[in-house]
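Hello,

Here is the structure we talked about. My notes on it follow below.

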Amino acid sequence: MSKAATASSDATCTERQTWMALLARARLDELERTLDGLQSTPSYTRLRGPETGLYMLRGRMGGTGQPFNVGEATVARCTIQISNGEIGHAYVLGTDIRHAELAAVCDALMQVPARAEVLRTWLLEPIEARLKAESLRRAGEREATRVEFFTMVRGEG
């Protein structure tokens, strides 16, 4: 594979990771509203799930030390195939299997160029804006309770 093809593939992979992360953090009503608003939602077949399970979370002391098991997180996952052959995957924290299924449908539709721009405008951009607003609100709440500690130095003599 040429370097140009690899770079293009890496860009596509990064772009898909971005939209899959947004779909995982979407609210169920956002996904339902968007899919209901599409002129025609393709039929799809479930290839795996939707189902729930546990993932082991791992951490590193100081971010660089030996890995250790922190605990487990519940996740819902689903893999579907839409009628034109595209396969969509979704992993969502929690037990909401409907969320995982609809996120997988959106992932598959995002791989269809004719649908991708509509979903990007109607779904992904509003999700991203909501997440940024929530992050700014939380940052403001944290800043309001921030305490500055300082040490006073006594003069000698």
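The face of α2 turned away from its buried side carries Arg-33 and Asp-36, both exposed. The model is a predicted one, so please read everything here with that in mind. Helix α2 covers residues 28–37, and its buried residues are Glu-30, Leu-31, Thr-34 and Leu-35. These four lie on the same side of α2, because the arc they cover around the axis is only 120°.

Leaving aside residues up to four places away in sequence, Leu-31 touches Leu-23, Ala-26, His-99, Leu-102, Ala-103, Cys-106 and Leu-123. Glu-30, also on the buried side of α2, is touched by Arg-130. Arg-130 is a residue of helix α4, and with a relative accessibility of 15% it counts as buried, since the cut-off is under 20%.

**Overall layout**

The protein has four helices and three strands, in the order α-α-β-β-β-α-α from the N terminus. Its radius of gyration is 21 Å, whereas the globule rule gives 15 Å for 157 residues, so the protein is more spread out than a compact globule. The C-alpha trace spans about 85 × 40 × 35 Å along its principal axes.

Of the 157 residues, 27% count as buried. The protein exposes about 10700 Å², and 54% of that is supplied by carbon and sulfur atoms. Among contacts with a separation of 6 or more, 56% are between residues 24 or more positions apart.

In soluble globular proteins, nonpolar side chains tend to be buried together. The largest nonpolar core here has 29 residues, and the members that touch the most others are Leu-23, Leu-31, Leu-35, Ile-80 and Leu-109. Two or more residues of this core come from each of α1 (3–25), α2, β2 (67–82), β3 (87–93), α3 (97–110) and α4 (113–144). The most come from α3, which gives nine. Two of the residues named above, Leu-31 and Leu-35, also belong to the buried side of α2.

**Cysteines**

How many disulfides are there? The count comes to zero. The sulfur of Cys-13 has its closest cysteine sulfur in Cys-106, but 19 Å away, which is too far for a bond when the limit is 2.5 Å. Cys-78 is in no disulfide either; its nearest cysteine sulfur is again that of Cys-106, at 12 Å.

Cys-78, at 1% relative accessibility, counts as buried.

Most peptide bonds are trans. The bond from Gly-49 to Pro-50 is cis, with omega near 10°. Pro-50 sits in strand β1, which covers residues 44–60.

Regards

Technical notes:
Residues are numbered from 1 along each chain as its sequence is written. This is a predicted model: local features need pLDDT of at least 70, side-chain atom pairs count only at pLDDT 80 or more; totals for chains, interfaces and linings use all residues. Side-chain values use heavy atoms; hydrogens and water are left out. Buried means under 20% relative accessible area, exposed over 50%, partly exposed in between (1.4 Å probe, protein chains only). The arc is that of the directions from the helix axis to the C-beta atoms. The radius of gyration is taken over C-alpha atoms; the globule rule is 2.2 Å times the number of residues to the power 0.38. Contact means heavy atoms within 4.5 Å. Accessible areas come from the Shrake-Rupley method with a 1.4 Å probe; for residues, only the protein chains shown count as cover. A nonpolar core is a set of buried Ala, Val, Leu, Ile, Met, Phe, Trp, Tyr and Cys residues joined through side-chain atoms within 4.5 Å.
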